[in-house]
Amino acid sequence: MKKSEMIDAIAEKTGVSKVQAKASMDLLVDFIKTGLRKDGRFAVSGLGTFSVGKRAARVGRNPATGEKLKIKATKTAKFKAAPDLKEAANKFKG
């Protein structure tokens, strides 16, 4: 499901406008970003936990030229799904 489809579904199920549904989605994303910046994690019951992960520096390769290059250490967002969400994924028939 794309973000626009989710916004449409939220608007339809809750009876709010698409503009209000989009604002709510954007607010949730902002809360997650703020939680990661401030506490290093953001948990949503029934959904899962977002946290800050670390990637070590490493040597990579430019796929176009084959040239080796150094990739700096960086931080990234990680997500650990809640048990209910994992169970729903395991029931996917695709």
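The crossing of helices α1 and α2 is right-handed (left-handed would mean the near helix is turned anticlockwise from the far one by less than a right angle, right-handed clockwise). The model is predicted, so local features need pLDDT of at least 70 and side-chain atom pairs count only at pLDDT 80 or more, while totals for chains, interfaces and linings use all residues. Residues are numbered from 1 along each chain as its sequence is written, and side-chain values use heavy atoms, leaving out hydrogens and water.

Helices (H or I, at least four residues) and strands (E, at least two) are DSSP runs numbered from the N terminus. Helix α1 (residues 3-14) packs against helix α2 (residues 18-39) at about 120 degrees, with the axes 8 Å apart. Axes are lines fitted to C-alpha atoms, for helices over the stretch in contact, and angles run from 0 to 180 degrees between N-to-C directions.

Contact means heavy atoms within 4.5 Å. α2 lies across β1, β2 and β5, and runs at about 135 degrees to β1.

Strands pair if DSSP finds at least two bridges between them. An open sheet of three strands has the order β1-β2-β5, with antiparallel pairing. Its edge strands, β1 (41-44) and β5 (74-81), each pair on one side only. The twist averages 25 degrees from one strand to the next.

| Strands | Sense | Bridges |
|---|---|---|
| β1 and β2 (residues 48-55) | antiparallel | four bridges |
| β3 (residues 58-61) and β4 (residues 68-71) | antiparallel | four bridges |

Arg-41 has Ser-51 in β2 as its bridge partner, and Val-59 has Lys-70 in β4. β3 and β4 form a hairpin with six residues between them, and Gly-66 in the turn has a positive phi of about 80 degrees.
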